[in-house]
Amino acid sequence: MNKIRCLIVDDEELARTLLENYIQRLPFLELAGKCKNPLEAIAVLQQEPVDLLLLDIQMPELSGIDFLKTLTNKPFTVFTTAYEAYALEGYSLDVVDYLLKPIGFERFLQAVNKVAERISQRQAVPASAVPIKDFILVKADHKIHRLALDDIIYIQSMREYVAFYTPAGRILSLGSLKSLEEELPAERFMRIHKSYIVALDKVKSLEGNMLHIGGEALPVGASYKEEVLRRGFEK
């Protein structure tokens, strides 16, 4: 695999220097550029091939989130920020990971390894060769329902049953969250509690240990909290 070309976008010089140092320590990474703001980054992206964007969120004039929304051909992106409150916004932006400052080298390595794995998968299997599954089959009311993934807001475990919550109402079916967690695409759904799986693109906000989705507030399990803040960015 070719080296992963990285572009750092951060208004703090110390943060740019630290990330540059981390990149130089890893032989499979290469620095494509360092930018103090998104406007500089646009110029680099227009001239240089970039595989990975290391993007700060809070910056003057244009935030990292707003900048990422403007890009049509997005590189793989890892957010770097001092504020965990922005984590959930990455769910709808296909962000690979979310690094909280101060960023340790081990945590940085985990993030870039995720990117390297994604790039390997993309190169090994053409996207056109992988069928995209956009539904699951659910047995309920003595019928087999074809339930579109887009219609699922969240899923609740109810002992030997699972309840699918959709805009049209609730569908109750025999099953377990464990088996659904294996069946549902990880880039779209996430386990947040022993009793709940949520659709990442339906999440509205996180307040303390309560996640707001579909007009409901669902609890986030203690063992899932860190992953809720970090994972959802995978794609």
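Student: Over how many bridges do strands β14 and β15 pair?
Tutor: Happy to start there: this is a predicted model, where local features need pLDDT of at least 70 and side-chain atom pairs pLDDT 80 or more, while totals for chains, interfaces and linings use all residues. Numbering runs from 1 along each chain as its sequence is written, and side-chain values use heavy atoms, leaving out hydrogens and water. Strands (E, at least two residues) and helices (H or I, at least four) are DSSP runs numbered from the N terminus, and two strands pair if DSSP finds at least two bridges between them. For β14 (residues 210-213) and β15, the antiparallel pairing has four bridges.

Student: Which residue in β15 is the bridge partner of L211?
Tutor: β15 spans 216-219 and is an edge strand, pairing on one side only. There, the partner of L211 is L218.

Student: What is the strand order of the open sheet with parallel pairing?
Tutor: β2 (29-35) and β5 (97-100) each have a single partner strand, so they stand at the edges. β1 (residues 4-9) pairs with β2 over six bridges, and I4 stands opposite L29. The five strands run β2-β1-β3-β4-β5.

Student: At about what angle does helix α4 run to β5?
Tutor: Angles, from 0 to 180 degrees, are taken between N-to-C directions of axes fitted to C-alpha atoms, for helices over the stretch in contact, meaning heavy atoms within 4.5 Å. Helix α4 (residues 105-124) lies across β1, β2, β3 (52-56), β4 (76-81) and β5. Its angle to β5 is about 165°.
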